[in-house]
Amino acid sequence: MAKPPKNLWKRIVHHFRAPTFEELLEESSESLDSQPVQMNCPRCGETVPFADNCPNCGSPRHPTIDQRV
């Protein structure tokens, strides 16, 4: 019977190993970076790109706070 290559077991173990924490963290951060940042407008309720003012209705991102005494 022919002797298997030396690195056969290393390749088998590498094929079936679980991903490391660093690999999972890198994969999840890459997927988060590829997603657009969006917000829900407080006035119109639409999901729009994140900005200071809503592109649909022009209202500010946060409702204005009345600071009168």
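Contact here means heavy atoms within 4.5 Å.

1. Basis. This is a predicted model, in which local features need pLDDT of at least 70 and side-chain atom pairs count only at pLDDT 80 or more, while totals for chains, interfaces and linings use all residues. Residues are numbered from 1 along each chain as its sequence is written, and side-chain values use heavy atoms, with hydrogens and water left out.

2. Ser-59. Ser-59 sits in the segment after β2 (47-49). Not counting residues up to four places away in sequence, Ser-59 touches Cys-41, Arg-43, Asp-52, Asn-53 and Cys-54. Its relative accessible area is 4%, so Ser-59 is buried. Buried means under 20% relative accessible area, exposed over 50%, and partly exposed in between (1.4 Å probe, protein chains only).

3. Overall layout. The chain has two helices and two strands, in the pattern α-α-β-β along the sequence. Helices (H or I, at least four residues) and strands (E, at least two) are DSSP runs, numbered from the N terminus. Of the 69 residues of the chain, 7% count as buried. Among contacts in the chain with a separation of 6 or more, residues 24 or more positions apart account for 0%.

4. Surface. The accessible surface of the chain is about 6,700 Å², and carbon and sulfur atoms hold 57% of that surface. Accessible areas come from the Shrake-Rupley method with a 1.4 Å probe; for residues, only the protein chains shown count as cover.

5. Nonpolar patch. Trp-9, Ile-12 and Phe-16 make a nonpolar surface patch of about 400 Å². Patches are made of residues with over 30% relative accessible area and no salt bridge, with like charges joined within 9 Å and nonpolar side chains (Val, Leu, Ile, Met, Phe, Trp, Tyr) within 5 Å. Ile-12 belongs to helix α1 (residues 8-16). With a relative accessible area of 33%, Ile-12 is partly exposed.

6. Negative patch. Glu-26, Glu-27, Glu-30 and Asp-33 form a negative surface patch. Lys and Arg count as positive and Asp and Glu as negative; His and the chain ends are not counted. The place of a charge is taken as NZ of Lys, CZ of Arg, CG of Asp or CD of Glu. Glu-26 lies in helix α2 (residues 21-34) and is partly exposed, at a relative accessible area of 48%.

7. Salt bridge. The structure holds one salt bridge, a term for a side-chain nitrogen of Lys or Arg within 4 Å of a carboxyl oxygen of Asp or Glu. The side chains of Arg-17 and Glu-23 meet in a salt bridge at 3.1 Å, N to O. Arg-17 is partly exposed, with a relative accessible area of 37%, and Glu-23 also counts as partly exposed, at 35% relative accessibility.

8. Asn-40. Asn-40 is placed in strand β1 (residues 38-40) and is exposed, with a relative accessible area of 57%. Leaving out residues up to four places away in sequence, Asn-40 touches Glu-46 and Thr-47. The C-alpha atoms of Asn-40 and Phe-50 are separated by 8.6 Å, the two residues being 10 residues apart along the chain.

9. Cys-44. Cys-44 is in the loop between β1 and β2 and counts as partly exposed at 32% relative accessibility. Cys-44 touches Cys-54, Asn-56 and Cys-57, not counting residues up to four places away in sequence. Between the C-alpha atoms of Cys-44 and Gly-58, 14 residues apart along the chain, the separation is 9.7 Å.
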